[in-house]
Amino acid sequence: MVEDEPRDATIVEHTLKEGGFDFSFKRVDTEDCFLRELERFRPTVILSDHGLPAFDGFSALSLAKKKAPDVPFIFVTGSLGEEVTIKALKNGAADFVLKHRLAGLPGAVHRALQQAEFQSQRKQDEQEIRRLNQDLEKRVVERTAELEAANKELEAFSYSVSHDLRAPLRHIEGFIEILLSTKAEALDDEARRHLQTISQSSKHMGRLIDDLLQFSRTARAEFKKTTVSLSDLVESAIRDLHQDTKGRDVEWVLNELPEVEADPALLRQVFANLISNALKYTRTRKVAHIEIGARQEDGEDIIFVRDNGVGFDSRYAHKLFGVFQRLHRAAEFEGTGIGLANVRRIISRHGGRVWAEGHPNKGATFYFSLPRTTARKAGVRK
Ligand SMILES: Nc1ncnc2c1ncn2[C@@H]1O[C@H](COP(=O)(O)OP(=O)(O)O)[C@@H](O)[C@H]1O
Ligand SMILES: [Mg+2]
């Protein structure tokens, strides 16, 4: 208690004890005493008069805020003008009580203590949150590093597997060739048929390995974004597929496509895969309809490739993008089941999504999205 008048201090003490508080107190009336008792006595509440002959309440307040910022400070004074009151509260006083209205003091002390308790709890909570956040960040960094390492290892592994499998396969194919060309007369029909089957199987395995190799390259390929005209990409992808369109009746609907920020070589693979699928799975149609278009939605470009082919059961739509997942038998439609996995990998490297819609015998639509960069949001090419 900062108070020069011992009788006032006694009344204050009495009022608080009446108010149900059990406490001991120290009365000080100089700066030196005040500072000493702040350290020695360590008050839970500071009550302070305003003007003292050798000290004053505002100096006490600013000292208290410096040395013991969490201890509530209440002015208990004979009078305190409005301006001074405001200044007191602004400088961090918890409350003020007039000496001729001491009945309000226990309530004020109670509130100030509650407030202090609340604030110290909040400080602890904030510290705890900060600590947890730091912990979390650290763990995310660690896990990311672990994942990256595991990923790299896996990629290296699948690359070398695909690579090293090629050599023995080449030998198998080579020796079948030799057998068929030099020892054909020595073999009967059945043996020749078996050799053909072995040859076909090893060719298929070769395609699987090539596609896997391509797939693992996609993950490791350097990634360089530039502004890409999707229309140009589609046109060149279609040109490259002229083998697949030979002798076929294909009606193309090529809608206006946007320019996007993407890696052109990777995105070209996406179109090559989707369009070659569209051609493959419309092979049983007299006239194939293939439509390619785009729309804009919520900061994304959504691009689709639609066909009128054999379609698929939409219940399995999500499966198609997995490695080796095929819904059609190899006898009907040849393939390895890696194309769409590659598409998904490329699109997710661009921060986009892939999905598909289809119905058995009623065609299929494959979609992918690409996030719009802010720079391009405004200037949409029509
Ligand atoms: N346009 C399409 N129409 C119907 N089914 C499709 C189409 N594109 C892909 N699919 C289905 O998705 C599977 C996976 O496609 P993909 O990964 O490209 O492998 P692949 O073409 O080698 O079979 C295909 O086996 C087929 O069942
Ligand atoms: Mg395919």
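These notebook entries record what I looked up in the structure.

**Entry 1. The domains**

I noted at the start that I was working with a predicted model. I looked up the domain assignment, which gives domain 1 (6-120), domain 2 (150-219) and domain 3 (224-378). I then looked up how far apart two of the domains lie. The C-alpha centres of domain 1 and domain 2 are 90 Å apart.

I turned next to the buried nonpolar residues. In soluble globular proteins, nonpolar side chains tend to be buried together. Here the largest nonpolar core holds 38 residues, and the ones with the most contacts inside it are Leu-267, Phe-271, Ile-275, Phe-366 and Phe-368. I listed the elements that contribute two or more residues to this core: the helices α7 (230-240), α9 (264-280) and α10 (339-349), and the strands β6 (259-262), β7 (288-297), β8 (300-307), β9 (354-358) and β10 (364-371). Which element gives the most to this core? I found that α9 does, with 8 residues.

I followed up Leu-267. Residues up to four places away in sequence set aside, Leu-267 touches Leu-230, Leu-233, Val-260, Ala-262, Ile-346, Ile-347 and Leu-370. Apart from this core lies another, of 19 residues, with Phe-55, Leu-61, Ala-64 and Val-71 among them.

**Entry 2. Helix α10**

I looked up the buried residues of α10, and they are Leu-340, Ala-341, Asn-342, Val-343, Ile-346 and Ile-347. The cover over these buried residues includes α6, α9, β9 and β10. After α10 comes Gly-351, which has a positive phi, near 80 degrees.

**Entry 3. The largest pocket**

I moved on to empty space. Rolling a probe the size of a water molecule over the atoms shows where such space is left. At least two lining residues come from each of α6 (189-220), α7, α9, α10 and β10. The most, 9 residues, come from α9. I noted the make-up of the lining as 14 nonpolar, 13 polar and 11 charged residues.

I found 21 residues in its lining, of which Ser-24, Phe-25, Pro-43, Thr-44 and Val-45 are the closest to its centre. Two or more lining residues come from each of α2 (31-40), β1 (46-48) and α5 (105-182). The largest share, 3 residues, belongs to α2. The lining divides into 15 nonpolar, 2 polar and 4 charged residues.

I looked up Glu-37, which lies in helix α2. Is Glu-37 buried or exposed? Its relative accessibility is 10%, and because buried means under 20%, Glu-37 counts as buried. With neighbours within four places in sequence left aside, Glu-37 is in contact with Lys-26, Val-28, Arg-42 and Pro-43.

I then looked up Ser-369, found in strand β10. Ser-369 is buried, with a relative accessible area of 0%. Beyond its neighbours within four places in sequence, Ser-369 makes contact with Glu-300, Asp-301, Ile-302, Ile-347, Gly-352, Arg-353 and Trp-355. I also checked Ser-369 against Ile-292: 77 residues separate them in sequence, and their C-alpha atoms are 14 Å apart in space.

**Entry 4. Positive phi angles**

My last search concerned backbone angles. Most residues other than glycine have a negative phi. Which way does Arg-42 go, positive or negative? Arg-42 is not a glycine, yet its phi is positive, at about 50 degrees. Arg-42 lies in the loop between α2 and β1. With a relative accessible area of 64%, Arg-42 is exposed, because exposed means over 50%.

I recorded Phe-324 as well, a residue other than glycine with a positive phi near 70 degrees. Phe-324 is placed in the loop between β8 and α10. At 45% relative accessibility, Phe-324 counts as partly exposed.

Note on methods: Residues numbered from 1 in each chain as written. Chains lettered and ligands numbered in written order. Heavy atoms only, no water. Domains from an automatic or database assignment. Core = buried A, V, L, I, M, F, W, Y, C linked by side-chain atoms within 4.5 Å. Buried < 20%, exposed > 50% of the residue type's maximum accessible area, 1.4 Å probe, protein only. Helix = DSSP H or I, 4+ residues; strand = E, 2+ residues; numbered from the N terminus. Contact = heavy atoms within 4.5 Å. Nonpolar A, V, L, I, M, F, W, Y, C, P; charged D, E, K, R; others polar. 1 Å grid on protein atoms, 1.4 Å probe; cavity = no way out; pocket = protein on both sides within 12 Å on 5 of 7 lines; lining within 4 Å.
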